[in-house]
Amino acid sequence: MIFDLEICSPVQQIKHPLFDEKGLQVFIKRDDMIHPVISGNKWRKLKYTLANAHNAGKTHLVTFGGAYSNHLLATAAAAAKFGFKSTGFVRGEEVTNDTLFLCHLHGMQLIFVDRESYRDKQTLFDQYFSNDTSAFFIDEGGASAAAAQGCSELVAELPQTYDHIFCACGTGTTAAGILNGLQHLPTLFHAVPVLKGGEFIADEIKQYTTHNPMYELHTQYHFGGYAKSTPELIDFIKDFIASTGILIEPVYTGKMMYALFDLARKDHFKPGSNILAVHTGGLFGLLGMKEKFL
């Protein structure tokens with residue numbers, strides 16, 4: 001079976017007075033357009049993982065995430081599309097929301113577990129599925145060497161070489177994959193952790209890179225931590241969407257784009273630089289934050 005959505009996401013230029021003032025050309029890789037549900041780096045992370053599961057004769061994908069996890073939803077949709085059964089362990093008390101509704105609609109069985117038990121994912125998997133020879137373990141967020149391999153393919157799709165590439169990071173898998181793809185190019189990669197204490201991203205990158213990559217880690221744009229935001233970030237996102245027509249959300253791409261704009265404002269880039277921002281999808285994250293935009 002070939003696991004491919006056969007979509008090369010487009011690159012679009014972002015026009016803004018700030019970039020004109022600073023002499024910058026800024027573009028965005030629209031990975032949010034890969035698929036309406038299996039979008040962005042979620043698809044890139046799953047592509048080779050699905051192939052590995054299929055080649056191992058597994059038909060049941062088992063994975064992990066929070067109640068608003070884009071990874072859970074992408075896995076549920078990918079399982080439905082490619083003929084797998086799926087189960088998701090959900091961290092925390094049993095709740096209902098739009099994301100979990102869509103997971104259920106795509107056929108995913110949901111198992112809610114307390115936060116303490118959730119920490120040991122392998123034990124959870126063994127507890128429930130040790131006798132299920134069809135079950136295939138996928139870590140939270142899809143993190144794996146196979147996921148990094150899928151993310152590395154983004155670079156080969158680019159229409160030109162860029163001086164800088166920006167990407168939001170929850171783990172370091174997507175960053176590591178892109179850095180592997182950039183190995184022989186002069187591009188400087190910028191990782192923007194979306195969690196407080198994002199210095200650990202450097203260890204994740206080291207785990208999945210095949211060389212000693214050069215990059216910048218911008219840890220000051222977490223806005224309070226994972227899925228946290230401030231009125232300043234929300235206002236920026238509202239202005240960005242209204243002026244570009246490109247949807248972004250506060251968990252990942254919104255923080256990355258804020259970082260890019262802020263660094264441009266502070267003259268972090270040489271005039272004449274061309275910069276690419278990677279839109280990593282995850283737009284369903286907006287559904288859990290609607291009240292912040294009212």
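This is a predicted model: local features need pLDDT of at least 70, side-chain atom pairs count only at pLDDT 80 or more; totals for chains, interfaces and linings use all residues.

Leaving out residues up to four places away in sequence, which residues does Y48 touch? Select Y48 and look for A146, Q149, G150 and E153; contact here means heavy atoms within 4.5 Å. Y48 sits in helix 2, residues 40-55 (helices, H or I, of at least four residues and strands, E, of at least two are DSSP runs, numbered from the N terminus).

Residues are numbered from 1 along each chain as its sequence is written, and side-chain values use heavy atoms, with hydrogens and water left out.

Next, jump to A77 in helix 3, residues 70-82. A77 is buried at 5% relative accessible area (buried is under 20%, exposed over 50%, partly exposed in between, with a 1.4 Å probe and protein chains only). Beyond residues up to four places away, A77 touches V37, I38 and H106. The C-alpha of M108, 31 residues away along the chain, is 8.5 Å from that of A77.

Now for the largest nonpolar core. Pick F19, F166, F236, F240 and M257, the residues with the most contacts inside this set of 35. A nonpolar core is a set of buried Ala, Val, Leu, Ile, Met, Phe, Trp, Tyr and Cys residues joined through side-chain atoms within 4.5 Å. Colour the elements that each supply at least two of its residues: helix 1 (17-22), strand 2 (25-30), strand 7 (164-169), helix 10 (231-244), helix 11 (253-265) and strand 10 (274-279). Helix 11 gives the most, with eight residues. Apart from this core lies another, of 28 residues, including I38, A53, A76 and A79.

Zoom in on F236: setting aside neighbours within four places, F236 is in contact with I248, G254, M257, Y258 and F261. Then show helix 10 and helix 11 together. They pack at about 85 degrees with axes 10 Å apart; axes are lines fitted to C-alpha atoms, for helices over the stretch in contact, and angles run from 0 to 180 degrees between N-to-C directions. That makes the pair roughly perpendicular (65 to 115 degrees; under 35 is roughly parallel, over 145 roughly antiparallel, the rest oblique). Helix 10 brings E232, L233, F236, I237 and F240, and helix 11 brings G254, K255, M257, Y258 and F261.

F223, in the loop between strand 9 (215-217) and helix 10, has a positive phi near 55 degrees without being a glycine. F223 is buried, at 14%. D267, in the loop between helix 11 and strand 10, also has a positive phi, about 60 degrees, and is not a glycine. D267 is exposed, at 53%.
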